[in-house]
Amino acid sequence: MMQASAQAAGTRAKERPSDALPNETLLGWLRSMQLIREFETRTMQAYQQAKIGGFCHIYSGQEASAVGTINSVEHTDPVVLAYRDHGHALARGMSARACMAEMFGKAAGCAKGKGGSMHMFDKPNWLFGGHGIVGAQTPLGAGLAFAARYEWEVLGTGKKKVALCYLGDGAIDQGAFHEALNLASLFGLPVIYIIENNGYSMGTAIHRHTANSKNLISRGQSYAIKSLEIDGFDVLNVYDQFKPFADECRDLQRPGFVDLKTYRYMGHSMSDPQKYRTKDEVDGWKDKDSIAALASRLMAGEREGGRGCLSEDDWKTMRAEIAEEVRDSVEFAEHAADPDVEAELYSDVYIHPLAQSSPTRDFVQGKKNPLL
Ligand SMILES: Cc1ncc(C[n+]2csc(CCOP(=O)(O)OP(=O)(O)O)c2C)c(N)n1
Ligand SMILES: [Mg+2]
């Protein structure tokens, strides 16, 4: 009897999508999460030294969210973000140099230094920006999905894609978000709204800023959108739950809604005295830190459910290499050239979307919406 249930458990465990991933992939994820953590630590230092201006929001603690979800989709699937965006940019493949230079306002930044911390745009990596207006990216997520489906289904020029639109728990009561959800459901737009639910909107806890806060997925369900809750602090769990969900949204060309529960270790932004939470609360989350947890899993032998593919020394070396990569990015950003104001001030600001022959122009000029 015991044997049978152990066997059943073994079979179940083998069914997790992450079990099929090679060690190299998981080591890559560990590297990616540690890169984000180290990058954010250096960013805070540079900010405190007044080398970075404007608002700046640190992602430390939330790494498993970006790494687990972005690695569940393809590189050409569009991604659009809120302002806490450095981690996603790095997870998507932006170099530490391009990301840091952007924050320093330098021409070598991903957006030529015009965007800064909150606006990580990166065309080669299909990153359609961080956005500082809470909820502003949610209609853009619907638009990106509309464009992708239009290209695949109507123009026959693309492949089936799924767009990822990230937002915080503080953005779900914005009107624009509900308008976007409504259209996504009506038109069958392949966009997944990922609520990175870190429990706070600035200094206001979720139960104080949103109604029915323990049941966020009811927001998606009320628009007949398939919705899922994920423990977002364990990167393998994020992948195991999110990968099949994203595959289905892509296959069926339908939207999705995810309440991904996570936590930020640092204040809301670089100027936050954090009077709204206790040190014990923060420490409680740090005790189950996603990076430490993945490292232990990769170190543990197969008998303990691990991979046995990482030694203490390997981990030390990996952290040292990453520290060097990030140190180099700061040095690079410091010495990089400022943008040429004359040439750049008004470039890349507006384009006339209807100026050229485009699907948008055809659509706006009165052709019937083919997705309806
Ligand atoms: C439309 C709008 N209202 C208010 C703000 C001010 N504001 C900036 S961040 C923020 C909190 C958003 O919290 P959440 O969406 O949970 O994201 P998190 O910071 O936790 O990642 C607010 C209210 C804003 N930027 N835009
Ligand atoms: Mg939040």
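In the predicted model, Val-191 is in contact with Gly-141, Ala-142, Leu-144, Ala-145, Ala-163, Cys-165, Ala-184 and Pro-255, leaving aside its neighbours within four places in sequence. Val-191 also belongs to the largest nonpolar core. That core has 91 residues. Val-191 is among those with the most contacts inside it, together with Cys-165, Ile-192 and Tyr-193. In soluble globular proteins, nonpolar side chains tend to be buried together.

The protein has 15 helices and nine strands. Its radius of gyration is 21 Å, close to the 21 Å that the globule rule gives for 372 residues, so the protein is as compact as a globular protein of that length. Along the principal axes, the C-alpha atoms fill a box of roughly 65 × 55 × 40 Å. Of the 372 residues, 43% count as buried. Among contacts with a separation of 6 or more, 74% join residues 24 or more positions apart.

Beyond its neighbours within four places in sequence, Gly-61 is in contact with Thr-262, Tyr-263, Arg-264, Tyr-265 and Trp-285. Gly-61 counts as buried because 23 other C-beta atoms lie within 10 Å, and the cut-off is 20 or more.

Ligand 1 has 13 residues around it. Val-134, Gly-168, Gly-170, Ala-171 and Ser-201 come nearest. By class, the shell holds five nonpolar, six polar and two charged residues.

Key. Residues are numbered from 1 along each chain as its sequence is written. Chains are lettered from A and ligands numbered from 1 in the order in which they are written. This is a predicted model: local features need pLDDT of at least 70, side-chain atom pairs count only at pLDDT 80 or more; totals for chains, interfaces and linings use all residues. A nonpolar core is a set of buried Ala, Val, Leu, Ile, Met, Phe, Trp, Tyr and Cys residues joined through C-beta atoms within 7 Å. A residue is buried if 20 or more other C-beta atoms lie within 10 Å of its own, exposed if 12 or fewer, and partly exposed in between; C-beta atoms are placed from the backbone. Two residues are in contact if their C-beta atoms, placed from the backbone, lie within 7 Å. A residue is near a molecule or strand if its C-beta atom, placed from the backbone, lies within 6 Å of it. Ala, Val, Leu, Ile, Met, Phe, Trp, Tyr, Cys and Pro count as nonpolar, Asp, Glu, Lys and Arg as charged, and the others, Gly among them, as polar. Helices (H or I, at least four residues) and strands (E, at least two) are DSSP runs, numbered from the N terminus. The radius of gyration is taken over C-alpha atoms; the globule rule is 2.2 Å times the number of residues to the power 0.38.
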